[in-house]
Amino acid sequence: MRPILILLTLAACKKDPTPTGESDTDTDTDSDADADTDADADADTDADTDADADTDADADTDADADTDADADTDADTDTGPVDDDEDGYLSDVDCDDGNPDVNPGAIEICNGTDDDCDGQVDGATATDALPWFSDGDLDGYGAGLPILACVQPPGTSDTDGDCDDGDEDVNPGALETCNGIDDDCDVDIDEDASDARSWYADNDRDGYGDGTPILSCTQIPYRVTQAGDCDDSDRDANPGRRETACNTVDEDCDGSTETGDIEVPTDYATIAAAVTAANDGDTICVGDGDYGELVVVTGKDLTIRGTGLTRMHTGNGSRIYSAATGTQRLENVILDGNGTVPLLQVSPSATLLLSEVIVRNLGCSTFCVGLIAYQYPASTLEIDRLTMEGDTRDFTTSGYQGLFHMQGANALTIRESSFDGNTWTLPNATFLISTPADSTLTLDRVSITSNTLTSPSGTVRLLAAANGATLDHVSIESNTLSGQDADLGWLNGAVDASHLRVARNTMTATNDAAGFRVPGALDLSNAIFAQNVVDGAASRGMLWLTGGGAVLTLDHADFADNTVGLTSVPWATDLLILQNAEATVRSTSFVGSGAPAIGQHGTFTVSSSNAWDHVATIADSTGPLTWTGLSVDPAWVSRTARDFRLTTGSPVEDAGEPGTLDLDGTPAAIGANGGPGGEWLRPVSSFQ
């Protein structure tokens with residue numbers, strides 16, 4: 001072994017010869033041209049002995065001097081994209097490779113970080129993002145599709161359900177009020193409203209109720225808001241009644257009753273003797289029986305009240321009762337004229353209050369003006385619940401001038417009274433009332449039904465008001481009038497009428513026939529004119545405006561199936577305007593007639609109205625005119641039975657004058673049952 005070691009040492013110390021064709025200029029001891037000390041041709045210092053294509057002695061296959069397998073020549077230590085947080089996503093897609101909870105596969109949550117690396121921080125895809133709803137009226141409640149966000153966007157709310165996002169007073173948290181709006185967004189309108197009124201059962205129809213109330217924004221049929229009725233089966237007992245004597249009824253519901261001061265016939269045999277003996281303010285109680293005498297009350301305020309079947313009549317050819325001066329009450333009596341005398345006289349400066357009175361057998365001998373009552377100037381007559389029915393009389397030889405007659409300036413009021421089934425033959429008369437200038441007339445809940453009036457040579461009419469009147473809930477039905485001229489009424493001055501029902505009346509005349517002649521100003525609302533017949537040589541229709549000063553304002557009325565006979569007037573109609581009169585018609589239906597609905601010869605304005613089933617709608621002396629309103633069947637409950645309530649889906653429902661509401665707060669309907677005065681609760685002829 002020793003010789004071999006020596007030889008190796010010598011070989012190492014000997015310089016390699018320069019290869020043929022090369023010039024070795026480096027300072028190392030090998031024979032190649034690079035500066036390293038190995039014998040290969042590359043610049044690295046390893047003396048590799050591998051079999052790769054390069055001439056170096058390393059184990060890689062590229063031609064660079066490092067020991068890795070890539071093609072660069074630097075001595076790098078990196079390996080490309082990395083996953084430092086070991087979350088399964090390399091750094092070229094992981095937006096935070098130092099946080100394993102942040103990567104494209106992470107779940108976005110509301111934390112101020114782009115968890116899923118989609119470029120959005122806390123976006124709508126966050127699993128715990130909250131729904132927000134557009135809150136246009138800023139009332140704390142929103143509407144529409146939700147917006148998902150981690151932070152509340154401006155103009156939104158976290159609570160939806162707002163049914164009107166343009167009204168801050170309408171939302172699920174609002175109080176329901178009586179306004180025709182679903183304030184609390186629960187679909188129901190005005191239910192359990194905070195300002196709903198209490199309605200009490202009113203079984204006796206006296207305006208006062210009793211029992212457990214029902215809350216409602218609108219009136220409930222046969223219920224009232226006044227409570228405290230102590231006997232809801234007796235309409236004469238309620239807190240609004242005046243306590244009367246002569247009975248055991250607590251009429252004013254104060255817990256006590258009142259006795260009379262004088263009794264007839266116990267204390268005095270006659271009413272006249274009791275009046276003479278009475279003091280101012282006394283009550284005279286008159287028992288059952290017939291009292292044939294003239295009673296005159298002068299200078300005393302007295303009450304005379306019948307306690308049973310108390311019949312007052314006369315045996316001396318004069319009137320039965322005279323209110324000379326003072327204020328008197330005449331109650332619960334039968335006034336019988338025996339077919340020969342008028343009944344009452346009210347002298348100047350006197351006031352007579354008539355209540356619960358039956359009148360019958362009217363008549364007269366020579367003075368036939370005002371068969372029920374004659375009023376002198378400056379007098380007052382008030383009547384509650386007067387009944388006159390079944391009276392048959394021929395007045396052609398007596399110069400009859402009406403049931404009530406007013407002379408000069410005075411006042412007449414009739415309430416809850418009926419004039420039914422009377423048959424009279426007249427010379428020239430007004431059946432019910434004749435009021436002169438400067439007088440005032442009020443009819444409230446009055447029925448004039450099934451009367452027959454005939455005047456072969458005169459004018460027949462039911463009402464004559466020279467100085468205006470107030471008519472409320474007046475029913476004029478099934479009356480037959482015939483004469484030279486025949487009409488239901490002559491309404492001059494300023495007449496305010498509402499809830500007027502005019503049906504099945506027949507006016508036949510050899511001259512003029514009409515419904516109402518209106519030379520004055522008539523303001524009429526919630527009226528019905530149905531199945532009336534006007535037949536005269538000149539048939540003037542149901543409303544005849546007869547002069548340049550006549551003015552009609554008509555709101556919410558129904559004209560149905562009125563018949564106007566063929567006459568010399570070429571435009572006889574349901575509604576007629578003549579002699580430069582003025583008329584304004586709103587929310588009214590004209591249905592079914594053989595004549596045009598409206599005859600125009602003056603200034604006429606119509607709006608929100610309906611005309612249907614007419615031969616023509618508007619006509620004047622030149623021919624038909626264009627109708628611009630609705631022309632539809634109003635779909636009443638029963639046209640033949642004159643029930644003009646609207647069925648569900650009626651085309652005239654909510655079609656009335658804009659800005660006008662029905663009682664339930666919805667837009668007004670066209671017709672008598674629409675508007676603020678609509679929905680009649682009971683027939684006007686019923687007072688029980």
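This is a predicted model: local features need pLDDT of at least 70, side-chain atom pairs count only at pLDDT 80 or more; totals for chains, interfaces and linings use all residues.
**Entry 1**

Next I looked up where Gly209 sits, and found it in the loop between β4 (197-201) and β5 (210-216).

Is Gly209 buried or exposed? Its relative accessibility is 0%, so I noted it as buried; the cut-off for that word is under 20%.

I also checked Gly209 against Arg223. The two are 14 residues apart in sequence, and their C-alpha atoms lie 6.9 Å apart in space.

**Entry 2: the sheet with β4, β5 and β6**

In which order do the 3 strands of the open sheet come? I read the order as β5-β4-β6, with antiparallel pairing. The edge strands are β5 and β6 (223-224), and each of them pairs on one side only.

I then took a closer look at β4 and β6. Their antiparallel pairing runs over 2 bridges. For Ala201, I found that the bridge partner in β6 is Arg223.

**Entry 3: the nonpolar cores**

My next stop was the largest nonpolar core, and I wrote down 99 residues for it. Which residues have the most contacts inside this core? They are Ile372 and Phe404.

Apart from its neighbours within four places in sequence, Phe404 is in contact with Gly370, Ile372, Ala373, Leu381, Ile383, Leu412, Ile414, Phe419, Leu432, Ile433 and Ser434. Ile372 turns up in that list too.

Another core lies apart from the largest one. I noted 7 residues for it, among them Ala530, Ala560, Trp636 and Ala672.

**Entry 4: strand β28**

Last, I turned to strand β28 (residues 494-503). Why do I call β28 largely enclosed by the rest of the structure? Because 8 of its 10 residues are buried.

Strand β26 (residues 469-477) runs parallel to β28, and 8 bridges join them.

For Ser498, the bridge partner in β30 is Ser525.

Conventions. Residues are numbered from 1 along each chain as its sequence is written. Side-chain values use heavy atoms; hydrogens and water are left out. Helices (H or I, at least four residues) and strands (E, at least two) are DSSP runs, numbered from the N terminus. Buried means under 20% relative accessible area, exposed over 50%, partly exposed in between (1.4 Å probe, protein chains only). Two strands pair if DSSP finds at least two bridges between them. A nonpolar core is a set of buried Ala, Val, Leu, Ile, Met, Phe, Trp, Tyr and Cys residues joined through side-chain atoms within 4.5 Å. Contact means heavy atoms within 4.5 Å.
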